[in-house]
Amino acid sequence: MLEKVDMKKLSYAHYSKIDDPQKLPIDCTIIYCSESNIFKMTYSGVIPVVDRAKNISQHYKEELKKLNCLASVGGQSKSIHLYAPDTVNLDGYKRICYINQKMDALRITEYYGRSSRYSAFFRLLQSRMRQLNKFQIDNGAFIVDLSNINLFVDLVNEIMASYLTGKYHLFKYKPSQFEWYDKVTLEEKVHFYHKVYWLPADFENELSSIGNSPKRLFTCRLPEDSLKKMNDFLNRCNSNVEDGLGISQADLIDGLLKYFFQQKEITLNGMKIEVSKLMTEIKGNN
C-alpha cells in the first residue's frame, strides 16, 4: 500500500508534464512544488499570521499562536493552513492540516481545495487524534473546541518536534490505491504528481487506529476493468470537490459499491456477502 520514498530520486517540480496518473514513474517520485514562497506572501509566514483569518474566533487564534509551526490564511481570509517549521513553498509537501470554523468549533481536515489536494502530515495527525479519543468526528472532520484546543496544539507541536529531529520518513502510495496521486491544473492543463506522507518507520502500526478507509475494512480483488472504473469514479469525485461540492465518506463508499457491484451479492475475502448489508455495516462504522 505504502512505500518509502527514495529522497535521492525525489523531484519537487512545479510542472510535472504528466497528463495521466498511470504515466507517473514507479522508480522515482514527483511531487508538486508551488511557486508561492511562504515568506514572500502577505497571507503566510510565522504563526501570528493567523490573526488575518476573519472567520476564526479570537480565542481560538490566541491558542493557535502557541503552535511551533508556520501558517497561511486562505479562502478569502476565512481559513488557516498549518505548515511544518521548515516549509518553503505553499503546497501539500509540508502542510500539516486545514482549519476552518463552523459555529463555535474548529474543523480539522486534510485539504481538498483547488491546488495540491493533500497534506503530508495529516495521516499522522489523524492517527494521533484518534488515539487520544478526545475529538469528535463530523463527516470526516475532527472537531476542536475550547475543551480540547490545548490538546490539539500540544499534539501538533509534539509531531513537529519529532519531525525536526528526523523521526519521520516520506512515504507514497503505490499505484491503484485510493487517492494515490495528486492533480493540479496549471495554465488550463492538468498535471499529475505523487501524493506523499510523513510517517514513522513503523507506519503500519501508526495508521492502524485510523480505520476510516474502505481498503482497511475489507480486501477485495478487482479485475482490471473495475480498477479503471474506480479511477474514473474518483476523478469525477475530485472534480466535484474542485467545484466546491463536499462528498461525505459514506456517500463515497455508497457510490463505489453501487458503481462496481450492481448485483445483490459479492464475494469478499472468500465469503459471499449481501451488498446492502455491507453498505449498512461500513457506513455504521464511520
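## Salt bridges, sheets and a cavity

Welcome to a quick tour of this predicted model, in which the count of salt bridges comes to nine. One of them pairs Asp51 with Lys65, and their closest N and O atoms are 3.0 Å apart. Asp51 sits in the loop between strand 4 (44–46) and helix 1 (58–64), and Lys65 in the loop between helix 1 and strand 5 (70–74), so this pair ties together parts that are 14 residues apart in sequence.

**Salt bridges**

- Both partners of the Asp51 pair are partly exposed: Asp51 has a relative accessibility of 35%, and Lys65 has a relative accessible area of 26%.
- Glu63 and Lys66 also meet through their side chains, in a salt bridge with an N to O distance of 3.2 Å. Glu63 counts as partly exposed, at 22% relative accessible area.
- A further salt bridge joins Glu110 to Arg123, with 3.9 Å between the closest N and O atoms. This pair links distant parts of the chain, 13 residues apart: Glu110 lies in the loop between strand 8 (105–109) and helix 2 (122–132), and Arg123 lies in helix 2.
- Are Glu110 and Arg123 buried or exposed? Both Glu110 and Arg123 are buried.
- Shared partners also matter in this model: salt bridges join Asp51, Glu62 and Lys65 into one network.

- Seven strands make up an open sheet with antiparallel pairing, and their order is 4-5-6-7-8-10-9.
- Which strands stand at the edges of this sheet? They are strand 4 and strand 9 (136–138); each has a single partner strand, so one side of each is left without a neighbour in the sheet.
- Strand 4 and strand 5 run antiparallel and are joined by three bridges. Gly45 has Ala71, in strand 5, as its bridge partner.

- Strand 5 is mostly covered, with five of its five residues buried.
- Leu70, Ser72 and Gly74 point one way from strand 5, while Ala71 and Val73 point the other way, and all are buried.
- On to the next pairing: five bridges join strand 5 to strand 6 (residues 79–83), and the two run antiparallel. Val73 has Ile80, in strand 6, as its bridge partner.
- Strand 5 and strand 6 form a hairpin with four residues between them. Gly75, in the turn, has a positive phi of about 55°.

**Helix 2**

- Why is helix 2 described as largely enclosed by the rest of the structure? The reason is burial: eight of its eleven residues are buried, so helix 2 is largely enclosed.
- The buried residues of helix 2 are Phe122, Arg123, Leu124, Leu125, Gln126, Ser127, Arg128 and Met129.
- Asn133 follows helix 2, and its phi is positive, near 60°.

- Strand 11 (residues 169–173) and strand 14 run antiparallel and are joined by four bridges. Leu170 has Trp198, in strand 14, as its bridge partner.

**The cavity**

- The count comes to one cavity of 30 Å³ or more. About 40 Å³ of space lies in the largest cavity.
- Which residues line the largest cavity? The lining is made of Glu3, Leu24, Pro25, Ile26, Lys172, Tyr173, Pro175 and His194.
- By class, the lining residues of the largest cavity divide into five nonpolar, one polar and two charged.

Definitions and conventions:
Residues numbered from 1 in each chain as written. Predicted model: local features only at pLDDT ≥ 70, side-chain atom pairs only at ≥ 80, totals over all residues. Heavy atoms only, no water. 1 Å grid on protein atoms, 1.4 Å probe; cavity = no way out; pocket = protein on both sides within 12 Å on 5 of 7 lines; lining within 4 Å. Points joined across faces, edges and corners; volume = space filled by probe spheres on them. Nonpolar A, V, L, I, M, F, W, Y, C, P; charged D, E, K, R; others polar. Salt bridge = Lys/Arg side-chain N within 4 Å of Asp/Glu carboxyl O. Buried < 20%, exposed > 50% of the residue type's maximum accessible area, 1.4 Å probe, protein only. Pairing = 2+ DSSP bridges.
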